[in-house]
Amino acid sequence: MLALFGLDFGWFQHAVEAATGWGGIFLIVVYSFLIAFVLPLPSEVVLVPVCTGAAVCTGTLQLGFPQPVELAIVIVASGVGKSLGSVIALEVGHGASHSGPVVNTLKRMGYDPMEWSKQRVVALVRKWGYAGLAVGLTVPGFPDTLSIYAFSVIEKDELKFALATFAGSVGRLVVTVIFLKGFTAAV
């Protein structure tokens, strides 16, 4: 969406890839916060400053802890940032989906967001609830922002939303690390 407006945030992604020290952890929290509701960038990038066995790693974080501890700190920091950002997405998504001018404009364009929600998302949320959101967010490479906004249309509990996003974010990074370590061992 931001690319449509000519905005390029690749520099931000590169800054995260080269993150160093505790300032780097703060940068990871801010990056994860922003990708939850506005930046269409990959969340897995936060693993690059900690070498996880991936071919692409900078190893620049260097907090002075063993690699598994630094990895855990990065995963938790990213989860905290993303869960805080998801609360903003919840407010924006829920408010926009229930805003008269937004809904009316979309209906004139042939799209009824509430009807779409009922047909697609409601069934998923009713069946799986917040666990569905958490599981959906564990899929590496799947856009976080899309999942978060889709669930924000019909749900409004900020605490459960933030906890589900935290669990999904941590799960995604753990799955990514397991995949990368398995791939590296196989090569």
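# A walk through an all-helix model

Let's start where two helices meet: α2 (residues 21-37) and α6 (residues 144-152) pack at an angle of about 55°, and their axes are 7 Å apart. That angle makes α2 oblique to α6. Angles under 35 degrees count as roughly parallel, over 145 as roughly antiparallel, 65 to 115 as roughly perpendicular, and the rest as oblique. The axes are lines fitted to C-alpha atoms, for helices over the stretch in contact, with angles running from 0 to 180 degrees between N-to-C directions. Helices here are DSSP runs of H or I with at least four residues, strands are runs of E with at least two, and both are numbered from the N terminus.

Before going on, a word about what you are looking at. This is a predicted model, in which local features need pLDDT of at least 70 and side-chain atom pairs count only at pLDDT 80 or more, while totals for chains, interfaces and linings use all residues. Residues are numbered from 1 along each chain as its sequence is written, and side-chain values use heavy atoms, with hydrogens and water left out.

Back to the helix pair. On the α2 side you'll find Ile35, Ala36 and Phe37, which meet Thr145, Ile148 and Tyr149 of α6; contact means heavy atoms within 4.5 Å. Sorted by class, this meeting of α2 with α6 involves 5 nonpolar residues, 1 polar residue and no charged ones. For that sorting, Ala, Val, Leu, Ile, Met, Phe, Trp, Tyr, Cys and Pro count as nonpolar, Asp, Glu, Lys and Arg as charged, and the others, Gly among them, as polar.

Now look at α6 by itself. Because 7 of its 9 residues are buried, α6 is largely enclosed by the rest of the structure. Buried means under 20% relative accessible area, exposed means over 50%, and partly exposed is in between (1.4 Å probe, protein chains only). The buried residues of α6 are Asp144, Thr145, Ser147, Ile148, Ala150, Phe151 and Ser152.

Setting aside residues up to four places away in sequence, Ala36 touches Lys82, Gly85, Ser86, Ala89, Thr145 and Ile148. Ser83 is 47 residues from Ala36 along the chain, yet their C-alpha atoms are separated by 7.6 Å.

Step back and the whole chain comes into view: 7 helices and 0 strands. Of its 187 residues, 43% count as buried. Among contacts between residues at least 6 apart in sequence, 73% join residues at least 24 apart.

What about the interior? The largest nonpolar core has 20 residues, and Val16, Tyr31, Val46, Leu47 and Val74 touch the most other members. Such a core is a set of buried Ala, Val, Leu, Ile, Met, Phe, Trp, Tyr and Cys residues joined through side-chain atoms within 4.5 Å. At least two residues of this core come from each of α1 (10-17), α2, α3 (67-97) and α7 (158-186). Val74, leaving aside neighbours within four places in sequence, is in contact with Ile25, Ile28, Val46, Val50 and Leu61. Another core lies apart from this one, with 12 residues that include Ala36, Ala89, Tyr130 and Leu133.

Gln62 lies in the loop between α2 and α3, and at 63% relative accessibility Gln62 counts as exposed. Most residues other than glycine have a negative phi. Gln62 is not a glycine, but has a positive phi of about 45°.

Val80, in helix α3, counts as partly exposed at 35% relative accessibility. Lys160 belongs to α7 and is partly exposed at 46%; C-alpha to C-alpha, Lys160 and Val87 are 9.8 Å apart.

Finally, a record to hold against the model. UniProt, in an unreviewed entry, places the feature "transmembrane region" at residues 20-39, 128-149 and 161-180; its positions are given in the numbering used here, feature names are shortened, and annotations may be inferred rather than shown by experiment. In the model, residues 128-149 are 73% helix and 0% strand, with end C-alpha atoms 16 Å apart. Residues 161-180 are 100% helix and 0% strand, and there the end C-alpha atoms lie 28 Å apart.
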